[in-house]
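Please walk me through this model.

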Amino acid sequence: MNTETKIHQLLEFTLPASVVGIAAGLIAALLGGFAGQPLGWAVVTGLGLAVPLVAFGIGYSALVGLGKAPAGVFAPAAAYWVVGFPLALMVHAITTEWAVTGTPGLPDQPLQFLAFRALLSMGFAIGFLWMHEQVGRHWWPRIMEHNPYAQRTVEQYVHLAESMEARKQSAARNRKKRKAHV
């Protein structure tokens with residue numbers, strides 16, 4: 001398989017991550033409009049958030065597709081987004097400043113800005129992972145016949161589901177044994 005095909009397949013695999021970033025940007029634009037921003041400002045605000053979140057989301061999804069991060073596991077997603085989320089919000093803040101004042105600029109106290117957003121990143125990581133899986137569970141099975149990244153990820157989720165089912169059945173058997181001994 002040539003490099004161009006692999007890149008195309010990896011980009012196809014990352015579509016759910018792009019959806020997450022686009023949704024976040026759309027929400028930011030709608031909130032900006034709802035808050036009374038002029039249409040142009042709201043659009044720039046939305047794009048200022050969507051573009052970096054799409055880029056970072058594709059990066060995370062590519063790590064999953066390449067087998068560098070396990071599918072559906074929170075810790076790697078949290079570690080990734082503790083860096084990615086603050087940087088995406090920094091781009092958003094710079095873009096919003098540019099839209100409002102006509103000149104891009106850093107927020108006051110940029111290190112504190114990044115540190116606070118790093119704390120908030122855990123919540124975003126949970127939401128990202130959930131939405132990525134919700135979109136992915138509909139997308140990846142559709143493309144897994146021709147996409148090895150989707151096939152690997154679907155197999156990981158199947159294995160995870162089988163392991164969870166086995167644990168559930170084992171716990172049920174143990175409960176029955178305890179009740180029989182009581």
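Q: Which residues line the largest cavity?
A: This is a predicted model, in which local features need pLDDT of at least 70, side-chain atom pairs count only at pLDDT 80 or more, and totals for chains, interfaces and linings use all residues. Residues are numbered from 1 along each chain as its sequence is written, and side-chain values use heavy atoms, without hydrogens and water. On a 1 Å grid over the protein atoms alone, a cavity is a set of points where a 1.4 Å probe fits but cannot get out; lining residues have an atom within 4 Å of a point. The lining is Tyr 60, Val 64, Ala 71, Gly 72, Leu 129, His 132, Trp 140, Thr 153 and Tyr 157.

Q: Which helix gives the most to that lining?
A: Helices are DSSP runs (H or I, at least four residues), numbered from the N terminus. Helix 3 (39-65), helix 5 (110-143) and helix 6 (148-181) each supply at least two lining residues. With three residues, the top contributor is helix 5.

Q: How are the rings of Phe 56 and Trp 81 arranged?
A: Rings of Phe, Tyr and Trp (its six-membered ring) pair if their centres lie within 6.5 Å; planes under 30 degrees apart count as stacked, over 60 as edge-to-face and the rest as tilted. Here the centres are 6.4 Å apart and the planes at 65°, so the pair is edge-to-face.

Q: Is Trp 81 buried or exposed?
A: Buried means under 20% relative accessible area, exposed over 50%, partly exposed in between (1.4 Å probe, protein chains only). Trp 81 has a relative accessible area of 0%, so Trp 81 is buried.

Terms used:
1 Å grid on protein atoms, 1.4 Å probe; cavity = no way out; pocket = protein on both sides within 12 Å on 5 of 7 lines; lining within 4 Å.
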